[in-house]
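Subject: Structure handover

Hello,

Here is the structure I promised to pass on. Please look through it first, then read my notes below.

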Amino acid sequence: MPPAPASPLITFLFRSTVLFVVWWALTLGELSGLGFGAVVSVLVAWLSVRLFPPSGFPLRPGGLLLFFGYFLSRSVVAGVDVARRLLSPALPVQPGEITLTLNVPEGSPRWLLANTLSLMPGTLSVLLEGDQLTLHCLDTRDPVERDVRATERRVAGVFGLAVDDCQEATR
Amino acid sequence: MTDSLIFVSQAVLLILGCLFFAVGTLGLFRFSDTLTRIHALTKVDNLGLGFIVLALLPLAPSLAGGLKTLLIWAAALAASATSAHLIARAVHVRPEPPNAGEVEHD
């Protein structure tokens, strides 16, 4: 059963606050612009709640923090991995595609996972159809699916979801 | 003492960032097909920009300035992931002809 969506009022307050902090950063804390920024933040937050009502997947601060840590460390691995392959004279790559069945639900979790995978080592999201995600792999000899499942668990943690990752890959 | 330490680490991070950007561009030449090239550009540039942002953070004039620098990195990441996916999907739906340079005749 999908969890109940967050209350629109809380979503509205949360989005207003985030937008206002972004405004504050973009204007470098300029005092004369804060009043205008506050009005715009509230209006945009109101419009965003009308256009994109709160989903059933509220963010978990702890899971988000773990996700950021994981994302940063894997970004370094991803960059170094591609750089190492590129600088090696033999160019050790074996590109290929793999299609996986995702265990995270439709909506923001699946969207976040597909986008994150494009920045993770050796994977690139090509096609997302329902729960079938086609990935382009830089090297099919790598344990791609293991990495994808690890990322999937982190993404699920952001939304406080539990996933059973016993799905098999279909190549 | 601390100042010079920060300065040296900033210099190292900046050079590292630029090197990663250079390697990412090298990927455009060494890899032969679109999808593999996207791998090089997204991953290596993400890391390169990350290093440059990290190097610039101690120079930020204020907390808001630092946050703005981080937002630039986040925006670049989101744009990079989204455009990479869109190009990859376009290539998947309509694969490249084997001789991309050749003019097609109907």
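Buried residues make up 29% of the 171 residues in chain A. Buried means that 20 or more other C-beta atoms lie within 10 Å of the residue's own; exposed means 12 or fewer, and partly exposed is in between, with C-beta atoms placed from the backbone.

Some ground rules. This is a predicted model, where local features need pLDDT of at least 70, side-chain atom pairs count only at pLDDT 80 or more, and totals for chains, interfaces and linings use all residues. Residues are numbered from 1 along each chain as its sequence is written, while chains are lettered from A and ligands numbered from 1 in the order in which they are written.

Now the fold. Chain A has five helices and three strands (DSSP runs numbered from the N terminus: helices are H or I, at least four residues; strands are E, at least two). Their order along the sequence is α-α-α-β-α-β-β-α. The C-alpha atoms fill a box of roughly 60 × 45 × 25 Å along the principal axes. Of the contacts in chain A between residues at least 6 apart in sequence, 70% join residues at least 24 apart. A contact needs C-beta atoms, placed from the backbone, within 7 Å.

Next, confidence. pLDDT is the predictor's confidence in each residue, from 0 to 100. Chain A averages 85, and 92% of its residues score at least 70. Watch residues 166–171 of chain A: pLDDT stays under 50 there. Where pLDDT is low, the predicted coordinates should not be read in detail.

Then the partner chain. 27 residues of chain A are in contact with 30 residues of chain B. On the chain A side, α1 (8–26), α3 (61–87), α4 (108–119) and β2 (123–129) each supply at least two residues. Helix α3(A) gives the most, with eight residues. That side of chain A divides into 20 nonpolar, seven polar and no charged residues. Here Ala, Val, Leu, Ile, Met, Phe, Trp, Tyr, Cys and Pro count as nonpolar, Asp, Glu, Lys and Arg as charged, and the others, Gly among them, as polar.

One residue to look up is A:Ala25, in helix α1 of chain A. A:Ala25 counts as buried because 20 other C-beta atoms lie within 10 Å. Which residues does A:Ala25 contact, leaving aside its neighbours within four places in sequence? They are B:Ala64, B:Leu67, B:Lys68 and B:Leu71.

Best wishes

Definitions and conventions:
Two residues are in contact if their C-beta atoms, placed from the backbone, lie within 7 Å.
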